[in-house]
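Here are some notes to read with the model open beside you. Take the points one by one, and find each place on screen before moving on.

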Amino acid sequence: MTHIEMPVPDAAVLRRSAHIIKDLIALAGADAVIADEDGRRTFETDGLTAYRCMPLAVVLPKTTEEVARVLRYCHREGIKVVARGAGTSLCGGALPTEDAVVVGVSRMNRVLEIDYDNRFARVETGITNLAISKAVSAEGFFYAPDPSSQLACTLAGNLAMNSGGAHCLKYGVTTNNVLGLKLVLMNGEVIELGGPHLDADGYDLMGLMVGSEGQFGIVTEATVRILKSAEGARPVLMGFASSEAAGACVAGIIGAGIVPVAIEFMDKPAIEVCEAFAKAGYPLDAEALLIIEVEGSDQEISEMLARIQAIAEPYGPTQTIVSQSAEQSAKIWKGRKSAFGAIGRISDYYCMDGTIPLSRLPQVLAGISQICADHGLKVANIFHAGDGNLHPLILYDANDPESSHRAELAGADILRLCVEVGGCLTGEHGVGVEKRDLMRTQFTKTDLAVQMRIKTVFDPKWLLNPGKVFPLEETEHMRDVA
Amino acid sequence: MMSPLVERQIPVEVVGSGSKRAVGRPMQAAVQLTTSAMQGVWLYEPTELVMSAQAGTPLTQIEAMLASNNQMLAFEPIDLGPATGSTPGGQTIGSVFACNLSGSRRITAGAARDNLLGIEAVNGRAELFRAGGRVMKNVTGVDLCRGIAGSWGTLSVLVEVTFKVLPWPEVAATLIYFGLPDDLGVEALCAAMRLPYEVTGAVHLPEGVARRLEHEGLRAQGRSITALRIENFGNSVVYRKEAIRKALKVYGDPAVLDTGDTLSFWGELRRLSVMPYNRETCLWRVSTAPTRGPQVVAAIKRHMPVEAYYDWAGGLMWIEVPASADAGASDIRRAIAVHGGHATLIRAEPSVRASVEVFQPQPPAVERLMRGLKEAFDPYRVLNPGRMYATF
C-alpha cells in the first residue's frame, strides 16, 4: 500500500532545510522544534502506517501566537505545512511530505474554561477527546462525539475529520457539537468563529472548517457543547440467523419510533474474534449480532428494552441478552469497542469506513464477501447500523506486498460499492491520502471544483496539508499558482 | 435557467414562495427566480430517517407527509411569516435550510443546518453541483451543506435538499412556572438543562409577551411564563415531570400542559405569534450564551422600550423595539459587543434595512473570508446581491 502518488517535493525548500530549521527555532524556541532524524521519524506516519514520509521538521508550539508565527513564516517562504494532533488518522490525514513542516498541537492541551450553566467547555485543541469528558464528568457532564480512538485522539484531529463514534446516532458528530473556534490561517492571521452561543452569524465558516482535514487552517482553541449524562444506560445484545434479519430488525425498531442511543452490528467473523477476546457472552452460532443501547432511569431503560425485544420478536433473534448490571454492560461494550484491537491480534487488517443506506445492508455485505473472496482475502464487518456507517476490516498480511496490494484493491472496490448503493466513501475517518483518488467516484469534476475553490479562499497558495482529499490531477493547476 | 442570467451578469432575487422577502437587506434585482415550481418528495425512507425533496416543496406538505408516518423535522423550523407581514405556513423546504431556521427544539435536536444531509444546487457560475448525500454520517470532502445553510440564497440556489427526520414523541408535556422575573426565569431554564431529563424546549416569556399568547388559559394568568417541554413515551414523561418539579421546586409549583396544549403552546412560538407584524416596531433576533440573555435585554432597555422573550434556555432572544431610523442597531450591537453573540434585524421598513447592517458585522479577517466565499460561488454577484452584506 505504498504506491499512492504524492506531489513532487519542492527542491528549493529541501535545499534550504538547514536554514528553515534555524528560523523555526528562532520563532518557536529550540525545545519546540524537532529536526533530528530519530525525532522526526516519530512523525513520519499516522494510523495508516502503510504510508510513511519523513517531514522536513516538526514544530510543537505551546501557544496560538507561536502557531501564528510559524505559519506566517511558512506562508512567506512558500513552505508547506501539515497539521497534526495525535497522529491517529486512519486515512493518512496527518501524513507528512518531505518538504513540509509538521505543526503539532499536542502540547496545547489545557482546559481553559468550563461553564455548566451555559453548557460549554473551552479547550485547547491538543486535548484528547476523552480528557474533555473527564474534565466535566464530576458534574455529570460529557462531550458527546466518541470515536473509538478517544483515549488518544485529539480534539484538533476530531475537528479536522468531523469525527463521529458509536453514540452519534443520538448526539450527532463533531460539527453538531462545536460552538466556537479560534484558528490560525496559513498567512498567520488568527480568527475566531462562533462562541458560547448557538448558530453562526453570517456564512457558516465554522461548518466549513470542521471536516476540512487540515486544509483550511489550524484550530488551536475550541468551544464545545457539553451535555448532562443520562441517569443510566444499558444495552441489549441480540443474535440473528442472518444479516437480513438483523438489518430488518433495526429498520423495525426505528420504524416503530424508537431511536436508541446506539445500534451496533457485527457479522459472524467479527463476533468470533471479539468473543474470543472479551468473553462478553456473544452468541457464536449467530450470523449477525446487534448491540442496542438505551438511556434513562432504570425504569425507563427496562420499559424501552422490553419494547425493543417485542419489536425484535418477529425477526427471530436466536439469542437475547439484556444486560443486568453495569459490569455486564461494560463487558458487552468491551467486545465491540476492542473489536479493532482484537482483530489486530489475529491478523493485519485494513479498516474501511463507507456509509450505506440501511436497507442495502444485506446486498452490501454479500457484495463485500464476494469482493474479498475474489481477492483471496477474509473480511469481518462492524457496522454503526443506526446511521449506516460500515467498517469492513479486510484481513491481510502486511509483510506480503502482494497481499497488501490486494487488500487495497478490495478496499477500493468496497468503497465504490458503497457509493453505488447511494452511500459515501467515508462516514467518519476522512479522505486523507487513502481515498483521495476515489473522490471522482462520488463527485463530478464540478463538485470537486466547487470544493477546491473554498480551499483556495482559506489557503490561496495551497500550502496546507498537501496531496490530501483532492485527486492530484484536479489540483495540479491550483498548486502551480503557489 | 441560470446560464443566460450569469452570462449577462443579471442580478437575480432568489425566492421559494417569497415568504421571507421582507427579511435581509433590500436588493435591486432585475429578475426573480423562484423555486416554487420545483416540487416533490422523491425519497422518503422512514426507517432510515431520511427524506429528499425538491427545494420548492411547501414545508406544510413535507410536514404532513412526515406526520402521516409519526415523524417530524425535529428542529421545528420557525416561521418568520406572521412576524414579517406575510401569511403563516407559506415557506418552502429549501428556504428553511437556505436561511437555517430552527425553533425551540434546536437546543437538543440541532439547527436546520445540523439536519441537512445533502444538497443539489446551482451556484452563481451556473454550475449544478451536489454535496453530502442521503446517509446520516458522511465526511467525504468539504462540508458544503453547512457552508450553504444560512447563506440566504447568496451563494447558490438550492434545487434539492436531503435531510434527517425523527419520530414524533409519543407524549409531550410542558411545565409552566408563573411570575418569575427574567433573570430568575432564565436561571430556571438553565437549571433544567443541567438535569438529565432531556428538556426539548426551554422558553421564558415576560409578562408583556405572555399577554399576547393565543392560548387563553395562559394569557389570562397575566404573568410571566417560564416553560419547559418534555417529550418521550408515556411513563417516562410522567417520571420526568415529577423529577423536574422536585429539582426546581425553589422556582415554585408549576402548572402542567398535556400533549394537546403542549402542541398548541409551542406551535404558537414556532409561528412567532407573540411578535406579530407591526410597522410601529422593529424585530431583532439575538443569539448569546443563555445566562447572558437577561443582561443583553437589560442593557438594551436602558436605551429604549423593549418587549422580548427568551428561547433556547435564554440564549435566543426575540426583541421588539420601537421603529426608528436605525432600528436601535447601534445600542443593540453595543450590548452584543459587551456580552457576546450576534444580532440580526428581522423586521424593519426597507429604508431602515438598507441603511443599517441587518446581519452581524464581521471583523476584517472574517469578512475577507466571507467575501472570498461569495466570490468562489458567485463571482459576478448575481445571486441575491447585497442581501446579507452591502458590499458582497
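1. Is Asn162(A) buried or exposed? Asn162(A) has 27 C-beta neighbours inside 10 Å, so it counts as buried. The rule is this: a residue is buried if 20 or more other C-beta atoms lie within 10 Å of its own, exposed if 12 or fewer, and partly exposed in between, with C-beta atoms placed from the backbone. Look for Asn162(A) in the loop between α6 (155–161) and α7 (168–171) of chain A. Its phi is near 55°, a positive value in a residue other than glycine.

2. A word on what you are looking at. This is a predicted model, in which local features need pLDDT of at least 70 and side-chain atom pairs count only at pLDDT 80 or more, while totals for chains, interfaces and linings use all residues. Residues are numbered from 1 along each chain as its sequence is written, and chains are lettered from A and ligands numbered from 1 in the order in which they are written. Helices (H or I, at least four residues) and strands (E, at least two) are DSSP runs, numbered from the N terminus.

3. Now go to Lys279(A), in the loop between α10 and β14 (288–295) of chain A. Lys279(A) has a positive phi too, near 45°, and is not a glycine. With 11 C-beta neighbours inside 10 Å, Lys279(A) counts as exposed.

4. Helix α10 (residues 268–278) of chain A meets helix α12 (residues 326–337) of chain A: their axes come within 8 Å and cross at roughly 125°. Axes here are lines fitted to C-alpha atoms, for helices over the stretch in contact, and angles run from 0 to 180 degrees between N-to-C directions. The two helices are therefore oblique to each other; angles under 35 degrees count as roughly parallel, over 145 as roughly antiparallel, 65 to 115 as roughly perpendicular and the rest as oblique. On the α10(A) side the contact is made by Cys274(A), Glu275(A), Phe277(A) and Ala278(A), and on the α12(A) side by Lys331(A), Lys334(A), Gly335(A) and Arg336(A). Residues are in contact if their C-beta atoms, placed from the backbone, lie within 7 Å. By class, three of these contact residues are nonpolar, one is polar and four are charged. Ala, Val, Leu, Ile, Met, Phe, Trp, Tyr, Cys and Pro count as nonpolar, Asp, Glu, Lys and Arg as charged, and the others, Gly among them, as polar.

5. Next, a sheet in chain A. Four strands form an open, mixed sheet in the order β1-β2-β4-β3. Strands β1 (33–34) and β3 (80–84) of chain A stand at the edges with a single partner strand each, so one side of each has no neighbour in the sheet. Inside the sheet, β2 (residues 57–59) and β4 (residues 100–104) of chain A run parallel and are joined by three bridges; strands pair if DSSP finds at least two bridges between them. The bridge partner of Ala57(A) in β4(A) is Val101(A). Helix α4 (residues 64–77) of chain A lies across β2, β3 and β4 of chain A, at about 165° to β4(A).

6. How do the chains meet? In the interface, 73 residues of chain A are in contact with 65 residues of chain B. The largest share of the chain A side, eight residues, comes from α17(A). That side divides into 29 nonpolar, 30 polar and 14 charged residues.

7. Finally, two places in chain B. Five strands form an open antiparallel sheet in the order β3-β4-β8-β6-β7, with β3 (41–45) and β7 (128–132) as its edge strands. Elsewhere, five of the five residues of β11 (residues 201–205) of chain B are buried, so this strand is largely enclosed by the rest of the structure. β11(B) pairs with β12 (residues 225–232) of chain B in the antiparallel sense over five bridges.

How values were computed: Contact = placed C-beta atoms within 7 Å.
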